[in-house]
Every structure is written in structure tokens, then in C-alpha cells.
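Subject: Structure handover

Hello,

Here is the structure I said I would pass on. My notes on it follow below.

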Amino acid sequence: MCPGVESAGPGICPGCGMALEAAIRPLSETKFICPMHPEIEADEPGDCPKCGMALEPNTVQIDAPPDPELISMRRRLWLGGALALPLLFIAMSEMIPGEPLQQIASVRLWTWIQLVLAAPVVLWGGRPFFERGWRSVTSGNLNMFTLIALGTGVAFVYSLVATAVPHIFPSAFRSAAGDVPVYFEAAGVIIVLVALGQVMELKARARTGQALRALLDLAPAAARILRDDGSEHDIALEAVKVGDRLRVRPGEKVPVDGTVLEGASAIDESMMTGESLPVEKNQGDGVTGGTLNESGAFVMRAEHVGTETLLFRIVQMVGEAQRSRAPIQRTADRVAGIFVPAVLAAAIVTAVMWGVFGPAPSLGYALVNAVAVLIIACPCALGLATPMSIMVGVGRGAHAGVLIRDAEALELFEKVDTLVVDKTGTLTEGKPRVAAVAARSGHREDEILRLAASLERASEHPLARAIIAEAAARHLELGEVSDFQAEIGRGVTGLVEGVRVALGNARLFLEKEIDISQLAAGTEGHHAKGRSVMYVAVAGAAAGLLAVEDRIKESSHDAMRRLHADGVRVVMLSGDNQATADAVATALGIDEVEAEMLPAQKQEVVQRLRDEGRIVAMAGDGVNDAPALAAAHIGIAMGTGTDVAIEAAAITLLGGDLGGIARARQLSRATMRNIRQNLFFAFAYNIVGIPIAAGILFPPFGLLLNPMIASAAMSLSSVSVISNALRLRVAKL
């Protein structure tokens, strides 16, 4: 709940008093943080200075050791419960005249027995709550433990004094029989109920971490390495180094991210993409750690290991998002900041009113009702309302292939009314192929393709890969390139075997003052089919053209339908010419098209839409999309795109299709609806509960709220909030 709070070992969050949770980092970088106040962090276990809860490790391990905070709290619960039951029985029996217990021993003796039973429960079982409560007072950060410690502490100390030296109490404290009532059972049972609530809360938070451990568990424990001498050995996954050659056999999981060197296979990548059909992998194709090798054996080269693998980065991103704070949490924080002092004031007013106007023993009534107010008003539910929903919602998104970087993006996404999308790799497959090669007289098609492919070897553009692949398919031998220059958004130029070659769009050739009028007539048919056309110039004269097509993703059609039905305006940006961009936009029914865009111009379009007052999301997959992704309210990266795009985005779609945007919007709506439900319940509970605890029902109906019932209601409110948040695990997206 306090993501910035970290510590090197388990402990209590100094900000909110909750147990620190594990994050996703290498063990050597383990810190301890507060789950309620992420900004609190420490190198060692301890307590949160804001809320008093135990700091938790910010690392998630597959074989995570048992939570020491949960173990400790469970022990206090069981021992406290074992002692609180007879304590409660004795207290209830004393209230009934003529009961056998009163015949066995005097009321005073039974009072001493209650003290013996209550002391371990309150002093040992409730010790963490008193420590956190005291720390909240000394640090000036009043929280739920302030109220718990004050309420149970007053009840216990009062009862202890009443048992040891009853004669010092005035008559106003005495019952009709002349005894001084004690409230050991209230203090003991409240401690047990608070411990029960803590155990349930800790177990619920542990369940949110199970999703991360399940992701980590996708990686195999070992890898089979091929040595230079030809031998093979199984080694621990942690021992794999970049450059190692690894053999992956049928039925095994790919150990790390890398490239296929030998062999071929079909890989089940559903854990990354959500697609059930296996993907064929051949020499030169990339493979991802954690995916399942279904058929053939292959040898791969390790390229990303340890914390650099995609799987680990996903887990790290999810963990950080779960600990981030949504803007709506600030409202709850402001309320909580004045809530505890207001409750203390309400308890004082309650005590005064009962002490002055209450029936005999008036001071006894004053104490009991003031304690009931303190206990029932405990802001546990309010503190849990937002963080629990965020933690569960982010985990649910990860299972649906939607990685959310922070809670703010999750909250804002439901408000998005404009989606800006890049064409290549976002709406289309991002795997273009050469559809046609045309050469002017005096040039051969294969020679045009060979020169273009030679030049593109130094480029990383998706179209470059398509040209090189076509040249390889035709078995063309590429030439040496020098003086290579990339003209961003236009094309590339260079010397191929000493001959000046230019490859690019019409804008490049216009700037180079190269006439392409004789080639332009042949481009219209390609543009009508949505193909991208690149012109080739040799020695300063137009020599031919290449038409490259990139098929529209099947998922893009359904995604556009869902987004339009949801009232989202879609704007497509493309570096292609207007005709090609229009063809794709028409096929998908896109509202607005901006073609022949440079990276800086994409950013300008996003900023213009923001200036119009729109909530803008930008989806892209390339390096050139990073500025626009950063400029949008929410940047969305395709999981199949570049690292730069993913780093610049607030949301990553692992499947690489826009259907994930519709799922992300549904997740945002479900999570925010869940948070609002939790906040309403927490506020409504306190609005109704505090007056009842203060005794508002006593004058008309003679009803009072026993502090034990108040404690049970307080625990039930927290459990209700947690249970409601956990419903997000099965939310339909």
C-alpha cells in the first residue's frame, strides 16, 4: 500500500502499519516496503512509520518462504482464541444471577481469573497492535492501530485497576450490587478479532502474489548447455550466460530468451500471446524463455538471461504496478488524514455525554461506548479499499495479456475517448513481404532487388527485413555497402559496390531532386491494395520500385468494431503514403487518417488531440513511436514491438493485437467499479456504525453496541472489502 517503502527484510510498514510485501527484483537488491504506502522503503525488516504495518520484502520467489508476519499473527490468533473463549464464558455467566460459577467462587475471584486469562491475550497477542499504535502517536501519523491500541488499552488498564484496587473508584463507576464492572472480555476478544482480520488480510495479499509466482514458475529450473567439446550438461538456470548454446528437447520449456541456431520446432507461446496455436520456429527465429517446445529439438543461443528475460521483466512490471497508487487513492488518503482525529473527538464526546447524562454506573457506560466508537471506526476497510483492487486487477490483466505499468494508467484508461494507432505492426502484422518488383528499361528486377537489399542490411526497419528476405529467397548475392545514411521517415542512401543507391518514398526523391514521374503511374494499383511502394535510384536516376504489403491482423477488425461500439474515436498515423494508409483505414472503418508522418509529427498529432481536451491513448510498436507514446495520456506498446516502445508505454499488450485494448478498457472499468464499491462500503459502514456505537439507539430502544460486536463488525468490513476485490480475479475481459 506504500510502494515507495522498502526494507531489506520482512517487517512492518512505517507508513501504514501493514506487513511489507515482496516485489520482483534480484535477491541481491531486496528491499522492504509497506504494502499501504509504497514510498516507504527500508534495507531491513521493520514497521511502517505511517501506518505501523510490517514491512514486506519486495522480491517474489518461486519457492518463497512462509510469511513470518502471517505465522506470528496466526500464533497470536490461536493462543488468543483459546484463552478468549473461557474468558468470554466467564464474563457472560457473571451477568446471569444464580449461575453455578457464582456459587463456586465469589465474583471477585472470577474477576482475577479473567485477568489471568486476558493478560496473555492483550499483552502478548496484542503487542504488535500496541507497538504500532504507540509508533503512530510518536510519529504523528495516526492510523487504525491508534484506535485499536487506545480502545483495547483503556479497557484493559481500567479493568486491571478495578480488579487490583476497586475501592479507589467513585460510586458512579459501581453497579447496583456495588461491584466495579470489568471489561477484560472486551479487550481480549477485540484483540483476537483484530488478529483474525490481520490473518485474513495477509492471506488475501498472499493470494495476489500467487499470480506473480505462477508467472515465475513458467521458467524451467535447469537448462541443457552444449560445451565446445561437444558434451552436454544440465545446469541451473541461474548459471546460464549470454552466448551459451542450449539444447531444448520436445516437451521442455525454453530456458531463456534467445535465437534458434539449429533445428526447427513448434513453440507454444500462449503464455505470452494468448494464442493457442503453436508458432513455427526455424533457424534465426527468436524464442522466449518460459514458452513450451512442443515438437522438434533445436539448439539456441542465449541472448537475455536472468533479470533481462522478457518473463522476468513482465513479472517485475506487474509487481511494480501492484504497488503503485491510483489517483483515487489520494482522496482516500486525505479522508484518512482527518478521519482518525475525528474519531478520537467522537469518542471523547461520547464519553462525556454518557458520563454526564448516562444511567448508573454512568462512567462505566461512558468507557464502554467510547471504546466501541474507537473500535468500530477503525479505518481498516478504507485503507484496503483501493490497494487491494489495484493489486488484484493488475494481476488479472497480466493473465489476460495486458501488462499495466502503474495504477494511474489503470484508473485513467476507462476515460479514454481517442485512440491513436500506428499502422505497421499495430494494425498490421508487422511482417511485410515483397509483393512486386518493377524495373525501368535498362535495369533488371533482380538487380534492383539486390541493390535495395544490400543497402537495407544496415537498416532495422520492418520493410528492410522483407526486402532482404526476398533477396535471400531468390538467392541473390548482396554487395558491400559504405557511406550508409538513414533519412528518418524517408528512406536510406549509400554506396553499394561504389555505386550511389537511394531507396525510399516520394518525399526522399523529391528532396534529392530525382524524377520518379515515369514510375509513379505504376504505383496506383499497389496503393489501392494497401501496399507500400519504395522507389530505387541508381547513380542519381530512378531505376525501379518495390511494392511491399503488410497484411492487416485478423484481430484488428474485431478490435475496431469493439472500440467504435464503445464510443472511442480512432486515429491512424502512418509513414506510408496517403493512398496506402487510406486503403487500410477503409478496410478497418477507421475514423481519421494521417499519412506520410514523421516521428515528430506523430507526437504533434497526439499533443493536438490533448489540447482539444481529449483523453488520448497511443498504440505503437516501433522506436519511431516512442515520442508519441510518451506524449499520450496512456501509451500502449505491442508486446511484439521494440524495447524502446515498451519502456515508453504505460500498458503493454503481450499478444501484440489491439483486442488487448478492449480488454484493458474492460479491466479498467471493472477495477474502478470495484474500488468505488469498496470506498462506498467503507464510508457507509463508518457513517452508520459510529452513531450506533456512540449509543444513538439507546434512548428509543435501549440498545447498545458491545465493543466485541463492534470489533467483529470492523473485521467483517475489512473482510468484505478484501472479498469484493478478489472478485476481480475472475472478471470477464
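I begin with the residue that comes after helix α4: Gly 140, which has a positive phi, near 80°. Please keep in mind that the model is a predicted one.

Helix α4 itself covers residues 127–139. With 13 residues at 1.5 Å a residue, α4 should span 18 Å, and the distance between its end C-alpha atoms is 18 Å, so the two agree. Pro 128, Phe 129, Arg 132, Gly 133 and Ser 136 are the buried residues of α4. These residues lie on the same side of α4, because the arc they cover around the axis is only 130°. Trp 134 and Thr 138 are exposed, and they sit on the face of α4 turned away from the buried side.

Next, the aromatic rings. A pair of aromatic rings is described by two things, the distance of the centres and the angle of the planes. The count of aromatic pairs comes to five. In one of them, Phe 156 and Phe 184, the ring centres are 5.8 Å apart and the planes stand at 65°; edge-to-face pairs need an angle over 60 degrees, so this pair is edge-to-face. Phe 156 belongs to helix α5 (residues 144–164) and Phe 184 to helix α6 (residues 184–216), so the pair links distant parts of the chain, 28 residues apart. Phe 156 and Phe 184 are both buried.

Phe 509 and Tyr 535 also make an edge-to-face pair, at 5.9 Å centre to centre and with 65° between the planes. This pair ties together parts that are 26 residues apart in sequence, because Phe 509 is in helix α16 (residues 506–511) and Tyr 535 is in strand β21 (residues 532–538). Phe 509 has 0% relative accessibility and so counts as buried. Tyr 535, at 6%, counts as buried too. Elsewhere, ring pairs join Trp 354, Tyr 365 and Phe 698 into a cluster.

On the surface there is a nonpolar patch formed by Ile 348, Val 349, Val 352, Met 353, Val 356 and Phe 357, whose accessible area together is about 630 Å². Ile 348 is located in helix α9 (residues 327–357). Its relative accessibility is 55%, so Ile 348 counts as exposed.

Last, a contact in space. Asp 558, in helix α19 (residues 554–565), is 101 residues from Gly 659 in sequence, while their C-alpha atoms are 7.1 Å apart. Asp 558 counts as partly exposed because its relative accessibility is 36%.

Regards

Methods. Residues numbered from 1 in each chain as written. Predicted model: local features only at pLDDT ≥ 70, side-chain atom pairs only at ≥ 80, totals over all residues. Heavy atoms only, no water. Patch = residues over 30% accessible without salt bridge, like charges linked within 9 Å, V, L, I, M, F, W, Y side chains within 5 Å. Areas by Shrake-Rupley, 256 points an atom, 1.4 Å probe, with all protein chains shown as cover. Salt bridge = Lys/Arg side-chain N within 4 Å of Asp/Glu carboxyl O. Helix = DSSP H or I, 4+ residues; strand = E, 2+ residues; numbered from the N terminus. Buried < 20%, exposed > 50% of the residue type's maximum accessible area, 1.4 Å probe, protein only. Expected span 1.5 Å × (residues − 1). Arc of directions from axis to C-beta. Phe/Tyr/Trp six-rings, centres within 6.5 Å; stacked < 30°, edge-to-face > 60°.
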